[in-house]
Each structure stands twice: as C-alpha cells, then as structure tokens.
Amino acid sequence: MAGRRVAVFPSSAELGPVLARMVTSRAEGAIASRGRFTVGLSGGSLVSMLSKELLALQDLDCSKWVAAFCDERLVSFGDPESTYGLYKSHLFSKVNIPDSGVLTIDPSLPVNECAEDYTRKLKEVFPDDEFPVFDLLLLGMGPDGHTCSLFPDHPLLEETKKIVAPISDSPKPPPQRVTMTFPVVNSARCVAFVSTGGSKAPVLKEVLEGREGPALPAARVVPANGELLWLVDEPAAASLTIQVERPGSGAKL
C-alpha cells in the first residue's frame, strides 16, 4: 500500500468540495495516462454529497468516465433503495457520461445470476485484469464497520476468487445484494472512504486504531499497490488519537 492518509474537516460542508476536486483530479490523471477514468461508487449519504459537489464544479467532463457500483441492492431501478437509481436522478442525468459508461446490474435476475452477470460486465471493461483495477473506489462505512455489502463475521469476508459476490442474507435491508469482494477493492489504484457524523466515531476509532477480536470489514481495506484515503469530519473523528491531517477546504488530496 502506498500509505494511509486520514484527513479531518470541520464538517461535511468543508469535506464535500475537497472530495469533488479529489475525484476530478484522479479522473484527469487517469484519462491522461490510460484514456479513461474507472470509478466505483457507493450509496448512502455519499450519493447526495458527491452529486452536489461535482455538479458545482466548472467544466465537469464525464465523457471518458466508466462508473460501476461497489455494491448494489437487488431492487428495481425505480426503487428508492437502488443506488444506480439515486445516482441517475442526482448525477448521471445532469452530466455527459455516456450510457455505456455506467455499468448497472440486471435486477430482474436471481441474486446469484445477477452477481455472475455483473462479473461478466466488469470483465468486459477490464479484460486484462484478473481482478478489475479501478482508478478510484469511493466507499462508505456503516456504524457496524461494514463497507460495500461486506458485513462483520460474514463468510463473504473470506472470498478470494469471485469478483462480484451475491448476498441474500444482508443484516441491513434489503437482504438481497451483490457486492465487490476484497480482492477487487484491494486492487484499486486509490480507495477513498467518506465517513461523517458523530455516530461513526466509535467504529472509526476501531477501524483506524485497531480493536480486540477480528478486524472489522472496513479495516480490511488495504490496497496492495494503491492509496488509501479517509475523508472524515470532526464529529466522526472525535475519538481518534492517531495523527491526522487537517487540510483546509481549498486543499487538494
């Protein structure tokens, strides 16, 4: 791993613009090097923050972006639980990303077949990689320490061969989902967690500073050859004792 950076901002209002600039700077670098920008998106509060801040930027060009989903709920795209549906209404419909640049699941399939179908779609985009190597994965973390749909004590934490795995017993509803596995997450060139709010403070301390017992899923994100960034606000960072960065709202990460 190229090293872990933990950046703390006074609030999500200061964090958001830095996140958007981080995404676009990674996009510019990837397009200059490889002709495209591959990004994995997560749901939850990240959808509205990322969409709002990206749309506030001047000259946002998504024409060479390829967006996939780090996990997705097996619901129709019109369902409010659909991560793709939320991004479509908040972001994709307002930018110049081509339809072919958004890799969606097929929610009409049973969950096992849906995972296999999404694996095939990713392999078409990353034909030369054993596990897809994304330029950037944007992750969130639940109060239980889960990330993607990789939950504490779940057998999927030990998956080493699949690119996308099905889960039909998610402890958080809806129960049926598909998720990228740790081999994919840890192959990325850059992984950025966004975690805000005081409810995340206890688990953020356990993830970043360790705990007794098995490491929580978010703590098992350790990119083999990539960067690991944590962008958090002061309430989420309240219990941390490790050294952190406190960049201003105009910072570039």
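This is a predicted model: local features need pLDDT of at least 70, side-chain atom pairs count only at pLDDT 80 or more; totals for chains, interfaces and linings use all residues.
1. Six strands form an open sheet, and their order is β1-β9-β8-β5-β2-β3, with parallel pairing. The edge positions are taken by β1 (4–9) and β3 (65–69); each has a single partner strand, so one side of each is left without a neighbour in the sheet. From one strand to the next the twist averages 20°.

2. The β8 and β9 pair. Residues 190–195 make up strand β8 and residues 227–233 strand β9; the two pair in the parallel sense over six bridges. Within this part of the sheet, Ser195 stands opposite Val232 in β9.

3. Helices on the sheet. Helix α1, residues 12–34, packs on the sheet and touches β1, β2 (37–41), β3, β5 (136–139), β8 and β9. The direction of α1 makes about 160° with that of β9. Helix α6, residues 201–209, also packs on the sheet, touching β1 and β9. For α6 the angle with the direction of β9 is about 155°.

4. Ser25. This residue is found in helix α1. Its side chain reaches the backbone oxygen of Met22 at 3.1 Å. With neighbours within four places in sequence left aside, Ser25 is in contact with Lys252 and Leu253.

5. The largest pocket. Its space comes to about 330 Å³. The lining consists of 21 residues, and those nearest the centre are Gly43, Gly44, Gly140, Met141 and Lys172. Sorted by class, the lining of the largest pocket has 11 polar, five nonpolar and five charged residues.

6. The second largest pocket. The volume here is about 190 Å³. Helix α1 gives the most to the lining, with four residues. The lining residues are Thr24, Ala27, Glu28, Ile31, Leu57, Gln58, Asp59, Leu60, Asp61, Ser63, Lys64 and Trp65. They divide into five nonpolar, three polar and four charged.

7. Rolling a probe the size of a water molecule over the atoms shows where empty space is left. The count comes to one cavity of 30 Å³ or more. About 50 Å³ of space lies in the largest cavity, whose lining is made of Val23, Val39, Leu41, Leu50, Leu54, Trp65, Ala67, Leu91, Phe92, Ile97 and Leu138. Strands β2 and β3 and helix α2 (46–55) are the elements that give two or more residues to this lining. By class, the cavity lining has 11 nonpolar residues, with no polar and no charged ones. Trp65 is listed in the lining of the cavity and also in that of the second largest pocket.

8. Backbone features to check. Most residues other than glycine have a negative phi, and most peptide bonds are trans. Asp59 has a positive phi of about 60° although it is not a glycine. Asp59 lies in the loop between α2 and β3 and is one of the residues that line the second largest pocket. The peptide bond from Pro173 to Pro174 is cis, with omega near -5°. Pro174 is placed in the loop between β6 (164–167) and β7 (177–180).

How values were computed. Residues are numbered from 1 along each chain as its sequence is written. Side-chain values use heavy atoms; hydrogens and water are left out. Two strands pair if DSSP finds at least two bridges between them. Axes are lines fitted to C-alpha atoms, for helices over the stretch in contact, and angles run from 0 to 180 degrees between N-to-C directions. Contact means heavy atoms within 4.5 Å. On a 1 Å grid over the protein atoms alone, a cavity is a set of points where a 1.4 Å probe fits but cannot get out, and a pocket is an open set with protein on both sides within 12 Å along at least five of seven lines; lining residues have an atom within 4 Å of a point. Grid points are joined across faces, edges and corners, and a volume is the space filled by probe spheres set on the points. Ala, Val, Leu, Ile, Met, Phe, Trp, Tyr, Cys and Pro count as nonpolar, Asp, Glu, Lys and Arg as charged, and the others, Gly among them, as polar. A polar contact is a pair of N or O atoms within 3.5 Å; within protein, one must be able to donate a hydrogen and the other to accept it, and residues adjacent in sequence count only if both atoms are side-chain atoms.
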